[in-house]
Amino acid sequence: MDELLQEFISETQETLEALAGEVIAWEADPGDRDRLDAIFRFFHTVKGSCGFLNLPRFERLSHAAEDVLSDIRAGNRTADPATVSAVLGIMDRIGELAEAVAVGAALPNENDDFLIGALSALPDEGQPQARAATAPATARQGGAQSGPRTIRLPLSLIDQLMNGVSDMVLARNELSRKLRERTADPELDNVFERLSTCVADMRDVISKTRMQRVDRLFAAIPRMVRDLGRELGKRIDLTLEGGDVEMDREMVEMVVDPLTHIVRNSIDHGIEAPIKRRAAGKPEAGSLRVEARQSGNQIVIAITDDGAGIDTARLVEKSIAAGRLSPDAAARLTEQEKLDLIFQPGLSTANQVTAISGRGVGMDVVRANVERIGGVIALDNNPGRGLCITLRVPLTLTIIPGLIIRAGGQHFAIPRAAVVEILHDNNETLQISDVGGAKIATIRSVRHSMIDLEEVLGMEKPVEAGPRAIMVVRSATGVPYAMGVSAVDNHEELVIRPASPLVMATGVYAGMTLPDNGKPMLLLDAAGLANAAHLPNIIDDRAARQQEAAADAQTGVEMVAALRFEELSGERRLLKLSLIERVEDVDARLFGRSGGRAYVRLDGRLVPVANGLSQFDRDKVSALRLRDDRREVCYPVAAVLDIVEMPAVPDMVAMQGLLSGVAVIDGEHLEVINPFALFATLPEESIVEQARGRCLLADADDGWTREILAPLLRQAGHDVVLGLPGDAIVDPGDVVLCTGGDAAQAAEIMGCRVVHLRASPRPVGPQDGSIYRYDQDALMAAIAGRRA
């Protein structure tokens with residue numbers, strides 16, 4: 001009996017899925033006798049089976065529906081919208097009861113009498129005319145056809161078969177690797193080719209056992225369109241095509257939710273009310289078309305309506321109001337970029353969020369769900385005429401073509417569909433630059449955000465003997481990014497298995513696989529890598545490119561002359577040309593330090609150095625001499641390159657240190673020097689060069705003098721000599737530092753100035769002129785006083 005009950009429940013659930021669309025089609029064409037007979041047979045079969053299965057609620061509900069349908073068949077009653085709604089309500093209740101029996105749960109305790117009463121009530125005479133404005137949706141599909149003979153198998157057995165053939169594919173790959181390592185044997189190679197062909201055929205056949213017709217995906221759409229159309233007072237002609245296309249059962253389950261959301265959005269915010277459609281010169285009944293087709297190893301699902309389309313101006317207003325977009329950036333967006341705003345979380349063009357949907361509310365989730373299974377979503381907007389949303393999803397998720405890449409000494413896999421292009425970092429069409437701490441890869445004048453896989457995964461980046469591979473990868477936002485890896489080693493069909501929950505929780509992996517080398521490896525998630533690397537979103541990236549293009553075209557952008565130069569540290573930068581008084585080569589010996597600041601001796605004056613450099617590895621230094629209204633500053637550089645035109649306002653404003661932002665000149669990202677910050681760092685007082693002299697350390701044999709005092713004086717910029725000169729030749733500017741009285745007397749005999757240091761914090765008496773040796777301020781002041 002349990003087997004019979006389970007068989008009854010399974011057949012009932014399958015028939016209900018297919019029958020919902022038939023009821024909607026029958027309502028649109030009440031004269032379709034074949035559909036009416038099919039619906040009647042369903043309730044008749046349920047009623048007949050419930051008697052010996054002891055399911056009284058099933059029997060009572062189906063008997064009531066059968067009676068009403070019998071009256072309609074006899075011509076005693078018409079298929080008005082109220083009756084159809086009541087029949088659909090009975091079907092829903094039977095479906096709920098069947099689900100409860102299937103999982104062994106308690107049956108829902110709803111009031112069946114209410115449904116039966118609604119079904120048995122005769123409609124009012126004026127009811128059909130009153131509901132004319134809310135006529136049901138029309139689903140145009142092919143007539144019911146008898147399907148092929150089938151056998152029902154548990155899903156667990158299908159999955160077990162699929163796992164078995166996946167293991168066979170792995171064994172074939174490993175055997176192929178072993179054969180490649182041996183001496184060529186034509187006979188053995190022929191046998192292997194035949195075996196490989198058989199395994200491939202078996203994989204294809206068993207894969208088809210997991211395939212389901214898209215009809216199952218479409219089954220709930222007619223009912224949903226009908227109910228929402230009646231609730232919103234809209235007439236909708238629904239067309240479903242491609243129901244005979246097959247796709248993986250798991251893929252069907254994953255596409256159901258995104259497709260449902262898109263259809264609800266099309267009805268709620270896409271197709272207008274009849275009054276608005278008449279005013280726009282459109283038919284009162286809106287058109288909604290859902291079409292599925294196979295294209296290579298992908299399933300393409302297109303949802304098209306003839307409604308108002310997406311108001312991109314409204315999207316921009318909402319995005320600015322939400323603080324997600326600045327008015328300046330909005331003005332630079334293209335129409336397609338404005339349309340992509342629909343995928344921002346929480347963004348909607350509706351004045352108020354309804355219980356049905358909100359075009360934009362949840363579209364980010366739709367795209368995330370589609371891309372999670374390796375698919376893409378595209379929008380084709382025609383304002384005032386409608387919108388077409390296209391979903392492209394893989395045929396199956398079990399075996400996919402993939403690339404084997406190497407990074408950080410380990411191998412990883414990535415779906416081949418996620419990779420747009422592969423090139424090496426020594427390619428002439430590629431330029432990699434560091435801007436503001438981030439990497440930018442420019443490929444044939446197109447700029448991409450760039451990451452290194454090792455850095456994202458927290459691995460050590462190895463030293464490469466050859467060039468690194470740069471992969472252009474599709475991201476979750478629709479904007480590709482560049483990813484650097486050690487190498488791309490191979491491409492092959494990969495059997496995908498779930499990884500452990502701890503691994504999947506990182507968000508950068510989509511599963512695991514076993515390639516032909518037999519070593520398990522992780523499958524990378526392109527969207528997860530982009531999120532983990534915090535790549536710029538689509539608005540910021542596109543806005544920057546639009547701004548750069550506008551600068552290149554010099555359209556409405558104020559341009560100024562600038563000097564392009566190379567810093568001594570290697571960076572290339574820009575400085576406004578009008579600030580530069582002259583450019584000249586300066587002797588490196590003229591640079592020095594005083595009071596912790598760098599200076600250079602020019603024309604008998606001490607001029608401060610802007611970047612604080614005073615020591616160089618060359619005899620001559622190129623220097624920019626800058627001047628404001630009253631002060632002059634020297635800026636040593638490695639080389640002066642050329643004079644260019646740059647925007648008066650940098651393309652990317654980023655006030656940090658001496659920099660004001662980044663400008664793009666001839667495709668090169670150049671940091672711009674901020675003159676305000678540069679002159680603000682200069683000292684107000686003039687730099688006075690102190691007389692050159694030496695610090696003579698009389699107690700040269702003392703450990704404290706050699707290890708502590710001498711390094712301190714050298715760091716302060718003083719020339720240090722250990723011990724007193726034997727020839728007694730000294731300079732009047734020299735200073736002797738000593739701790740003993742004998743050394744002090746000797747220094748005074750030579751005519752040197754003396755600073756006497758003591759070990760005790762307190763002086764011996766009032767006449768003690770010595771300085772505590774750890775009082776740094778007093779020590780430096782004494783040396784400076786002696787040398788003044």
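Why is helix α10 largely enclosed by the rest of the structure? Select residues 221-232 to bring α10 into view. Nine of its 12 residues are buried, so the helix is largely enclosed by the rest of the structure; buried means under 20% relative accessible area, exposed over 50% and partly exposed in between, with a 1.4 Å probe and protein chains only. Helices (H or I, at least four residues) and strands (E, at least two) are DSSP runs numbered from the N terminus.

This is a predicted model, in which local features need pLDDT of at least 70, side-chain atom pairs count only at pLDDT 80 or more, and totals for chains, interfaces and linings use all residues. Residues are numbered from 1 along each chain as its sequence is written, and side-chain values use heavy atoms, with hydrogens and water left out.

Remain on α10 and colour its buried residues, among them I221, M224, V225 and L228. From first C-alpha to last, α10 reaches 16 Å, close to the 16 Å expected at 1.5 Å a residue; the expected span is 1.5 Å times one less than the number of residues. Just after the helix, G233 takes a positive phi of about 70°.

Next, select H44 in helix α2 (residues 33-53). H44 is partly exposed, at 41% relative accessibility. An unreviewed UniProt entry places the feature "modified residue: Phosphohistidine" at H44; UniProt positions follow the numbering used here, feature names are shortened, and annotations may be inferred rather than shown by experiment.

Move on to the aromatic pairs, of which the structure holds four. Rings of Phe, Tyr and Trp (its six-membered ring) pair if their centres lie within 6.5 Å; planes under 30 degrees apart count as stacked, over 60 as edge-to-face and the rest as tilted. Display F591 and F616: their ring centres are 4.8 Å apart and their planes at 70°, so the pair is edge-to-face. F591 lies in strand β23 and F616 in the loop between β25 and β26, so the pair ties together parts 25 residues apart in sequence. F591 is buried at 8% relative accessibility.

Then select W704 and Y774, an edge-to-face pair with 5.9 Å between centres and 85° between planes. W704 sits in helix α22 and Y774 in the loop between β36 and α24, 70 residues apart. W704 is buried, at 10%, whereas Y774 is partly exposed, at 47%.

Finally, show R773, which lies over the face of W704 at 4.5 Å from the ring centre. A charge sits over a ring if NZ of Lys or CZ of Arg is within 6 Å of the ring centre and within 35 degrees of the ring normal.
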